[in-house]
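These are my notebook entries on a single protein model. I set down what I looked up, in the order in which I looked it up.

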Amino acid sequence: MQKKRVIVCDTIHQKGLELLSQEEDIEFLDASKEPKDKLLDLIKDFDVAITRSSTDVDEKFLENAKNLKAIVRAGVGVDNVDIDGCSKNGIIVMNVPTANTIAAVELTMAHMLSAARSFPNANNHLKLDRVWKREKWYGIELKDKKLGIIGFGNIGSRVAKRAMAFEMDVVTYDPYIDPSKATDLGVRYTKDFDEILSCDFITIHTPKTEETIDMISYDEIEKMKDGVRLINCARGGLYNEDALYDGIKSGKVAYSGIDVFVKEPAIDNKLLDLENISVTPHLGANTLESQEKIATQAASQAISAARGTSYPNALNLPIVESEVPSVVKPYLELIQKMGYLAAQINRGYIKSLTLEVEGEISDYLEPLMTFAVVGALKESLGEKINYVNAEFVAKEKGIMLKSEAVSNLSEYKNKILLKLTTDQGSISIGGTVFSDNIEKIVSINSIKLDFKPKGKMIFFANKDRPGVIAKISKVLSDNSINIADFRLGRDENGEALAVVLVDESISKDILTKLNSIEECIWVSVANI
């Protein structure tokens with residue numbers, strides 16, 4: 001029997017290595033101490049690699065990984081993994097998303113306590129400076145303080161439980177959950193982001209996506225109460241670091257606790273120059289317990305992947321490319337984009353997804369629905385949603401999924417129609433693929449359209465009256481926004497929909513101005 005080979009590229013807990021060594025059909029090499037240039041020579045002979053943040057799975061890595069079938073990222077983040085490159089090379093990428101949950105929760109509480117009592121500063125003043133000055137270190141109590149939690153997933157919800165044990169008043173903002181998930185725990189739920197900004201403490205626990213990067217910046221800090229305390233143990237860049245620096249230096253932000261940075265190692269980050277901030281070097285997963293869990297789960301996943309039995313927490317398509325008919329592949333890509341597009345246009349927590357498929361591709365309802373779910377939840381979950389866990393996550397969130405083949409009554413050989421319903425309403429998007437695999441959106445709700453789902457887009461629904469195009473163009477022109485394409489459709493009920501492709505990002509201020517146009521029914525932006 002030829003053994004399957006696993007290479008461990010970075011240091012993991014000994015328990016993970018022991019698990020690998022116990023399998024008779026697995027041969028493994030601990031190459032964590034090898035120089036990275038030598039590692040590139042070694043990986044060509046292995047079936048599965050276990051990596052952490054010290055190994056970049058980039059073009060050079062993939063060029064040498066000729067026989068690699070799978071990569072297990074021992075941790076949550078995959079910022080250092082070229083997932084698209086892995087997919088092109090037929091390499092399945094997996095991560096270990098939940099092993100460090102408690103460690104991250106408890107670190108958040110540690111930073112929250114430090115922000116309240118300035119423990120690191122008081123410690124250094126006494127221990128390093130040998131100064132006993134109690135009056136310098138007056139803090140505040142957590143009891144009766146208002147805590148705003150942005151993002152109420154596995155970590156945010158557990159932070160809430162612990163904060164309530166400190167008798168804090170907890171409120172959460174997360175437009176992608178059913179409010180009952182919070183209220184059932186005794187946490188107040190709000191759709192008003194400004195209510196979060198009015199809190200005494202704010203902590204953020206969201207994935208890093210286009211929507212959440214710089215989620216807290218200059219405008220948001222300006223709205224906060226004087227003396228607010230800000231915590232980030234999630235992802236670097238969720239708080240704009242320049243805005244945070246200015247807020248702390250001015251005194252607007254009384255204290256901040258930061259574990260993650262935009263650029264790491266952050267040894268030269270200017271935030272380190274400030275006194276009223278506690279910083280840690282990305283220690284969210286750094287407990288003995290979580291390291292053991294990460295290592296054993298990563299090893300277990302590597303063993304399953306090496307044997308080809310399963311690919312837990314896969315982040316790219318866990319099927320053999322040759323098994324998918326060529327006519328279906330572009331529709332899988334299109335339906336994922338449609339799900340992502342629908343979730344951006346119709347923001348809110350998703351209640352249901354309905355998929356109707358016409359034509360020969362209707363034989364592939366199940367994978368089409370899986371791709372639709374991944375696209376729809378990408379906006380809120382980022383890297384946490386994948387093709388393996390899509391339906392499980394949808395079920396966990398209470399999202400009703402329905403897919404069916406319908407009679408081919410349209411003018412297209414194949415057509416997919418996706419209806420996404422949230423607490424804000426519903427939107428239906430129709431799409432098809434033309435020759436040369438050109439993907440097109442052909443309808444939104446009852447309005448026929450024709451555009452490629454790509455780029456920065458404004459969706460402007462309006463009453464069908466003269467002059468609306470001119471008003472839209474004026475707002476964009478006044479704000480130096482260049483229009484790359486302008487598509488318009490209308491229905492029989494006097495409603496029109498413009499799809500405007502632009503070169504620049506649309507700010508909240510511009511969106512407000514577009515929304516104030518008299519004929520506007522609704523306006524939204526999306527980026528694919």
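Predicted model: local features only at pLDDT ≥ 70, side-chain atom pairs only at ≥ 80, totals over all residues.

The entries below treat the sheets, the helices packed on them and some individual residues.

**Entry 1**

**Entry 1: the seven-stranded sheet**

I looked up the strand order of the open sheet of seven strands and found β8-β7-β6-β9-β10-β11-β12, with parallel pairing. At its edges I found β8 (188-189) and β12 (277-279); each has a single partner strand, so one side of each is left without a neighbour in the sheet.

Strand β10, residues 228-232, is paired with strand β11, residues 253-258, in the parallel sense, and the pairing covers five bridges. Across this pair, I found R229 opposite Y255 of β11.

Next I asked which strands helix α7 touches. Helix α7 (residues 154-165) packs on the sheet and touches β6 (146-150), β7 (169-173) and β9 (201-204). The direction of α7 makes about 170° with that of β6.

**Entry 2: the six-stranded sheet**

I recorded an open sheet of six strands in the order β14-β13-β15-β16-β17-β18, and its pairing is mixed. The edge strands are β14 (400-405) and β18 (447-451), each of which pairs on one side only. Neighbouring strands of this sheet are turned against each other by 20° on average, with direction ignored.

I again followed one pair. Strands β15 (residues 415-422) and β16 (residues 425-434) are joined in the antiparallel sense over seven bridges. Here L417 stands opposite G430 in β16.

**Entry 3: two helices across the six-stranded sheet**

I looked up helix α13 (residues 329-345) and found that it lies across β13 (350-358), β15, β16, β17 (438-444) and β18. It runs at about 155° to β16. Helix α14 (residues 365-381) lies across β13, β14 and β15, and runs at about 140° to β13.

How do these helices meet? Two packed helices are described by the angle between their axes and the distance between the axes. For α13 and α14, I noted that the axes come within 7 Å and cross at roughly 35°. The crossing of α13 and α14 is right-handed. On the α13 side the contact includes Y331, L332, I335 and Y340, and on the α14 side it includes P367, L368, F371 and K378. I sorted the residues of this contact into 11 nonpolar, four polar and two charged.

**Entry 4: backbone details in two loops**

I checked the peptide bond between E264 and P265 and found it to be cis, with omega at about 0°. P265 is in the loop between β11 and β12.

Finally, I looked up S118, which is not a glycine and yet has a positive phi of about 55°. S118 lies in the loop between α5 (101-117) and α6 (119-127).

Definitions and conventions. Residues numbered from 1 in each chain as written. Heavy atoms only, no water. Pairing = 2+ DSSP bridges. Helix = DSSP H or I, 4+ residues; strand = E, 2+ residues; numbered from the N terminus. Axes fitted to C-alpha atoms, helices over the stretch in contact; angles between N-to-C directions. Contact = heavy atoms within 4.5 Å. Left-handed = near helix turned anticlockwise from the far one by under 90°. Nonpolar A, V, L, I, M, F, W, Y, C, P; charged D, E, K, R; others polar.
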